[in-house]
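This report goes through one protein model, from single residues to the whole chain. Please keep the sequence and the structure in view while reading.

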Amino acid sequence: LRDAAQAMQQMGEAALNARPPLVTHVAATPGNFHLLAHRLYGDYTRADQLARINPQVRNPNFIAQGQELLVYAR
């Protein structure tokens, strides 16, 4: 049972480490998460991901120019 728990913990750590690191991005122009996701990743569907890692943004439909956000490194 202990070996199974250790194997499960190692799998969890590997999954967490597989995710790219977070970096700070400054919005160059005003927009929203869909537009930012398209500019950064070429995929607007990752807007929900940006909203999840930036809970401090009150209105996801308005990102001010110069606002600092966390994004996944490419």
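Is P21 buried or exposed? P21 is exposed, because its relative accessible area is 54%; buried means under 20% relative accessible area, exposed over 50%, and partly exposed in between, with a 1.4 Å probe and protein chains only.

The model is predicted, so local features need pLDDT of at least 70 and side-chain atom pairs count only at pLDDT 80 or more, while totals for chains, interfaces and linings use all residues. Residues are numbered from 1 along each chain as its sequence is written, and side-chain values use heavy atoms, with hydrogens and water left out.

**Fold and confidence**

The protein has 3 helices and 2 strands, and their order along the sequence is α-β-α-α-β. Helices (H or I, at least four residues) and strands (E, at least two) are DSSP runs, numbered from the N terminus. The mean pLDDT is 92, and 99% of the residues reach 70 or more; pLDDT is the predictor's confidence in each residue, from 0 to 100. Confidence is lowest in α1, with a mean of 88, and highest in helix α2 (residues 33–41), with 95.

**The loop between α1 and β1**

P21 sits in the loop that runs between α1 (2–18) and β1 (22–26). P20 lies in the loop between α1 and β1, and P20 counts as partly exposed because its relative accessibility is 34%. Leaving aside neighbours within four places in sequence, P21 is in contact with V71, Y72 and A73, where contact means heavy atoms within 4.5 Å. P20 touches Y72 and A73, not counting residues up to four places away in sequence.

L50 belongs to helix α3 (residues 47–53). L50 is buried because its relative accessible area is 0%. Beyond four places in sequence, the contacts of L50 are F33, L36, A37, Y41, L70 and V71.

N54 is in the loop between α3 and β2 (68–72). N54 counts as buried because its relative accessibility is 2%.

**C-alpha separations**

The table pairs each of these residues with another position in the chain.

| Pair | Apart along the chain | C-alpha to C-alpha |
|---|---|---|
| P21 and Y72 | 51 residues | 5.8 Å |
| P20 and A51 | 31 residues | 16 Å |
| L50 and Q10 | 40 residues | 27 Å |
| N54 and L69 | 15 residues | 6.5 Å |

**The chain as a whole**

The radius of gyration of the protein is 16 Å, whereas a compact globule of 74 residues would have one near 11 Å. The radius is taken over C-alpha atoms, and the globule rule is 2.2 Å times the number of residues to the power 0.38. Along its principal axes, the C-alpha trace spans about 55 × 25 × 20 Å.

Of the 74 residues in the protein, 22% are buried. Among contacts with a separation of 6 or more, 62% are between residues 24 or more positions apart.

The protein exposes about 5,600 Å², and carbon and sulfur atoms supply 55% of it. Accessible areas come from the Shrake-Rupley method with a 1.4 Å probe; for residues, only the protein chains shown count as cover.

There are 7 positive and 5 negative side chains, and the centres of the two sets lie 6 Å apart. Lys and Arg count as positive and Asp and Glu as negative, while His and the chain ends are not counted. The place of a charge is taken as NZ of Lys, CZ of Arg, CG of Asp or CD of Glu.
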